[in-house]
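Hi everyone, thanks for coming.

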Amino acid sequence: MRLGVGGALLLGAGGVLAYQSSGYELPVAAREALYALSPKEYLVVQAVASRMLRADEPVEGQAAYPSPEELGVASSIDVFVARLDDANRRDLRRLLHVVEHLLPLGAGYASRFTRLSGSEQDRVLEAMETSPVGLLRGAFNALKALCAMGFFSHPLTWGPLGYDGPMVARPPAGWVETARLSRERAS
Amino acid sequence: MTVRRGRLERSPLSLSCDVAIVGSGAGGSMAAYELAGRGLSVVVLEEGAYHRPRQFDQREEHMLPSLFRELGGQRTDDLSLLVLSGRGVGGSTVHNTNLCKRTAPEILAHWREEFGLSGLETATLDPLFAEVESLLGVVPIRPEQLSSHNAVFKRGVEALGHAGGMLSHNRDDRCIGSGFCELGCAYDGKKNALRVLLPEAMRRGAVVVSDARVDRVVYDDRRASAVRGRLLDEHGVPRGDFEVRCEAVCLAGSAIGSASVALRSGLPDPHQQIGRHLHLHPGVAVAGRFEERVEGWRGIPQSYECTEFLDLSPGSERRAWILPSFAHPVGTATVTPGFGPRLLSAMRAYPHLGVLAAMVHDVTEGRVYLEGDRTRIAYVPGASDRAQLALGAREASRILLAAGARDVMMPGVPPATIRTEAELEEITEERFHPHDVPLTAVHPMGSMRMGTDPRSSVVDATGRLHTMDNVWVTDGSLFPTSIGTPPQLSIYTFALKVARGLELA
């Protein structure tokens, strides 16, 4: 993930803010399971994913989505971050500190992102998504992509989508039946 | 096929050969095939891993990070444009959608006239294209292979009376139409670098080394003598060194990778042309919501095209190529507007979506450059290309509506929902400033372009660097301009042409 010169300044601030690490507690087992993120960064990712992937209300007949917590989205993002090259990993980690400390200020909240209410966190993310600063919009999209990777790759989300998943585990006998062919045969 | 794996090789690894080829995609594999066939000793060095078909498990979270540079997250330096390019033995041919189109005559004529390039006449190139098509088994996609998603697209194109038609591809009957082409083919149905060219090159004596990232070309004055780099472990982390001594070098690491290696090596570049003139074919996607279940993830992803808005003549203002562009859930969610309940609710329409992309034959020139140790891409579409993105998005939306979509979503800030002619007309260039609409590019080209004038190009008509006696380029880097069509067949063919003309001093 790259942010250019302006982003470098922003992320520079994120690098400084990384030293603000009090008040971020994780159980020992959870802390020891982290590959790339610090406990603070993990909690920021968890908070972002929680709002980014908050489920809708299913209407009658629709399956409910699982929660990002059930699927361990923050942990899968941690694994993904561990695979990034050093420079991209550094940028992403700094961005998380910017989300935690600077973006709430920009949205009018004198508090850390992780201590805001859910609706307040939504407003911070909305401000980021629609920011006049293109780099922040780009950073929002990068975070959203990480969350999407952690969530929509999980088979438990495929039912609500109406997606039947990979075929390698259930090889068809021949050419894949498409909806069109099925309909044509049925008619 | 036995690939030597850098993750397992003893370090330091030392090899010698006639020709060291950097990259194993369309360009590198074709160069290896041809040069090994001529009896030269060849070593192909690939930064990414070696995958066999059974490893392509059709899971986005596994395959996107494995098959694409920067785990599938490579973006331009302002984060506004996602640039997907391949990484792994076989390069982008492993995950592309197998579209095969020859370089258009208008493009070749422009290159001859504007860049003074000889040897690009139709009479010269057509036999080479035919040879490549035969080698890779290029055939028209059969009408019965048209997926439901492509059929919806065709319906819209025909309803509007637009120019359109079936595409050609390099798949054979091993293909079952699973629709997972962009995640690697578990059925080995792609007649690509990985299945056809590299095995034959190795049978002819070529050595292929995976997990081997070339950092620099070693040279003295005008002659390269070796390439050096790092062996990588299974996580892509350097674990050792290698050196391949050679009589010649072919750079074939894509328009991003080849320029990066040339810049890192400090190859002579008195006019600072290396990395410049980068083209990307930026694309925008729009999604129609249909009452019917389209199930766009099934079948051959792209088998039909609309060429109504594609005129490849120089100076054309119709430079948008429209074709289906369906993604699996992660890719779709990434560009679906909003977050939280709005995003998850919109995703419930997934089986009912028809998604089209408009890819622009771009005139914008970007740049590959180094910032410290990092390879960066600078590219911001200019006004002319923004107008083409708008044209493409507008006309793709119109096609979806003509096909029966009840509305069309165009992602962006703010996103647009399109149902009427008036709403179509609101899709203008003004909506396409950086970050306003998610843009994706899958065809980097032109960063080490061909030309006769060293002040404005990097390689000559034979593909050799103007400043070096024994370094050639055999990938899309050497295209002088955008080509406006899927580049794999052009890359294979120009690589064959360059390799056939390569002579060791």
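**Two cis prolines, and onwards**

Let's start with a proline: B:Pro414 sits in the loop between strand 18 (407-410) and strand 19 (416-418) of chain B. Helices here are DSSP runs of H or I with at least four residues, strands are runs of E with at least two, and both are numbered from the N terminus. The peptide bond running from B:Val413 into B:Pro414 is cis, with omega near -10 degrees. There is another cis bond in chain B, joining B:Ser11 and B:Pro12, and there omega is about 0 degrees. B:Pro12 is in a loop too, the one between strand 1 (4-5) and strand 2 (13-22) of chain B.

Before I go on, some housekeeping. This is a predicted model: local features need pLDDT of at least 70 and side-chain atom pairs count only at pLDDT 80 or more, while totals for chains, interfaces and linings use all residues. Residues are numbered from 1 along each chain as its sequence is written, and chains are lettered from A and ligands numbered from 1 in the order in which they are written.

Back to the loops. B:Glu70 is not a glycine, yet its phi is positive, about 50 degrees. You'll find B:Glu70 between helix 2 (60-67) and strand 4 (81-83) of chain B. Is B:Glu70 buried or exposed? Buried, because 21 other C-beta atoms lie within 10 Å; the cut-offs are 20 or more for buried, 12 or fewer for exposed and partly exposed in between, counting other C-beta atoms within 10 Å, all placed from the backbone.

B:His281 is also a non-glycine with a positive phi, about 55 degrees. B:His281 belongs to the loop between helix 7 (254-265) and strand 12 (283-289) of chain B, and B:His281 counts as buried, with 22 C-beta neighbours inside 10 Å.

Now the domains. Chain B splits into domain 1 (4-54 + 63-68 + 86-135 + 186-275 + 446-501) and domain 2 (143-169 + 282-441), with bounds that come from an automatic or database domain assignment. The C-alpha centres of these two domains of chain B are 30 Å apart. Across the boundary, 17 residues of domain 1 of chain B are in contact with 19 residues of domain 2 of chain B; contact means C-beta atoms, placed from the backbone, within 7 Å. Which elements give two or more residues to the domain 1 side? Helix 3 (105-115) and helix 7 of chain B, and helix 7 of chain B gives the most, with five residues.

On to the two chains together. How many residues does each chain bring to the contact? Chain A brings 48 residues and chain B brings 48 residues. On the chain A side, helix 8 of chain A gives the most, 12 residues. That side of chain A divides into 27 nonpolar, 11 polar and 10 charged, where Ala, Val, Leu, Ile, Met, Phe, Trp, Tyr, Cys and Pro are nonpolar, Asp, Glu, Lys and Arg are charged, and the others, Gly among them, are polar.

Last stop, a helix pair. The axes of helix 6 and helix 7 of chain A come within 9 Å and cross at roughly 85 degrees. Therefore helix 6 of chain A is roughly perpendicular to helix 7 of chain A. A:Leu103, A:Pro104 and A:Gly106 of helix 6 meet A:Val124, A:Ala127 and A:Met128 of helix 7 in chain A.

Conventions
Two residues are in contact if their C-beta atoms, placed from the backbone, lie within 7 Å. Axes are lines fitted to C-alpha atoms, for helices over the stretch in contact, and angles run from 0 to 180 degrees between N-to-C directions. Angles under 35 degrees count as roughly parallel, over 145 as roughly antiparallel, 65 to 115 as roughly perpendicular and the rest as oblique.
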